[in-house]
Amino acid sequence: MNSRQPIPVVVLAGFLGSGKTTVLNHLLAGRGGTRIGVVVNDFGSIEVDAMSVAGQVGDSMVSLGGGCLCCAVDGSELDAYLEKLSAPVHRIDVIVIEASGLAEPQEMIRMLMASENPDIRYGGMVEVVDAAEFDATRARHPETDRHLAVADLVVLNKTDRVDAAERARIERELAVLCAPGTPVVGADHGRIDPELLFDRRPWTETRGQLSFEDLLAEADGHGHDGCGHAHAAYESTEFTTEQALSPRRFIDFLDRRPAGLYRIKGFVHFGVPGHDERYEVHAVGRFLRFAPRPWGRGEARVSRLVLIGSGTDGPGLLRELEACREPAPHEARPESMWCVLRYVAGPESGTEPEAEPGTDPEPSDEG
């Protein structure tokens, strides 16, 4: 039986000139020891010199430094290359699809949510917006509004090119165009912390001669962090409790999470009869998914969460989570878990997980 966890597939969208490719290259440069699979229309958009191309591994795939792989495809090949990238032999940790020209983001979301490939799971859609050309982009591409409506996270790029008043106006517009509560991350030159989208593995320790990644990090002046001052723009709040959480109160907390809370990761113990597994939590922006996993032998039944955001009230978030604790989970009725199971894929829920507003797997084709 395959015990591997499915690989998250993140869709990176945005119109020409928004800085989407710059964001992608920054994620590659700041990945630490994470092995990334990248899907693009052509290799030319990837800074292959900075990633040290190791050689060809297929007709439309190149091997990048540190075990990362990049494939150039068109829309009809997408599913086949996702299957190739997710093969265990490549040991990929996360897949990023640069959506330009491949398909409408809504179609990608629909495909990933409905995929029967057990080795991948949808990991959220990120829309990159050019702050300096926001109005002009909407005028040239009316479909921008439709893309924003299905985004789980918006990167407002090139904020260094607009003043505070203009940025505030654009953020007000985005609040109307996006689903309620969709986080908007400000960035300049595409610099966002990779931890907002995926877990970075520790940098592999090297002995003797420095690895290419070591040299790249030193040349960039960031050490092994790989993302420089971008990391300082976000706060991390950690929550741990040995007491079970109420599924309903926890879902209520997630429904109310503030727009500045970009990512939630970890696992939760509910302790409801018939549902004693640990439930892994994955949230990027408004996208939410749970995955039940068995506890390790002798592992303590605890809940551990990490919440990453900007401008959030850490102590306030902790108080809200503490209010989710349930002193008598064994007395809860099994149906109290339904609010959680609707975000679980597979036989546990009997259905595909329901997406948060903004990640509807069946989006409308109307503008």
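## Basis of the description

This is a predicted model, in which local features need pLDDT of at least 70 and side-chain atom pairs count only at pLDDT 80 or more, whereas totals for chains, interfaces and linings use all residues. Residues are numbered from 1 along each chain as its sequence is written, and side-chain values use heavy atoms, with hydrogens and water left out.

## The sheet

Five strands make up an open sheet with antiparallel pairing, in the order S10-S14-S11-S12-S13. Helices (H or I, at least four residues) and strands (E, at least two) are DSSP runs, numbered from the N terminus, and two strands pair if DSSP finds at least two bridges between them. The edges are held by S10 (235-241) and S13, each of which has a single partner strand, so one side of each is left without a neighbour in the sheet. On average, and with direction ignored, neighbouring strands of this sheet are turned by 10° against each other.

Helix H10 lies across S10, S11 and S14, and runs at about 25° to S10. Contact here means heavy atoms within 4.5 Å, while axes are lines fitted to C-alpha atoms, for helices over the stretch in contact, with angles from 0 to 180 degrees between N-to-C directions.

## Strand S11 and its neighbours

Eight of the nine residues of S11 (residues 261-269) are buried, so this strand is largely enclosed by the rest of the structure; buried means under 20% relative accessible area, exposed over 50%, and partly exposed in between (1.4 Å probe, protein chains only). Six bridges join S11 to the antiparallel strand S14 (residues 303-309), where Ile 308 is the bridge partner of Arg 263.

Seven bridges join S11 to strand S12 (residues 278-284), again in an antiparallel arrangement. Within this pairing, Phe 267 has Glu 280 as its bridge partner, and His 269 stands opposite Arg 278.

## Salt bridges

The structure holds 19 salt bridges, a salt bridge being a side-chain nitrogen of Lys or Arg within 4 Å of a carboxyl oxygen of Asp or Glu. One of them joins Asp 199 to Arg 263, with the closest N and O atoms 3.0 Å apart. The pair links distant parts of the chain, 64 residues apart, since Asp 199 is in the loop between strand S9 (184-186) and helix H8 (212-220) and Arg 263 is in strand S11. Asp 199 counts as partly exposed at 42% relative accessibility, whereas Arg 263, at 4%, counts as buried. Both residues belong to a network of salt bridges that also links Glu 195 and Lys 265.

Glu 320 forms a salt bridge with Arg 256, the closest N and O atoms again being 3.0 Å apart. Glu 320 lies in helix H10 (residues 314-322) and Arg 256 in the loop between helix H9 (247-255) and S11, so the pair ties together parts that are 64 residues apart in sequence. Glu 320 is partly exposed, with a relative accessible area of 32%, and Arg 256 is exposed, at 52%. A further salt bridge joins Arg 293 to Glu 280, with the closest N and O atoms 3.7 Å apart; Arg 293 is in strand S13 (residues 287-293) and Glu 280 in strand S12, 13 residues apart. Arg 293 is partly exposed, with a relative accessible area of 22%, while Glu 280 counts as buried at 18%.
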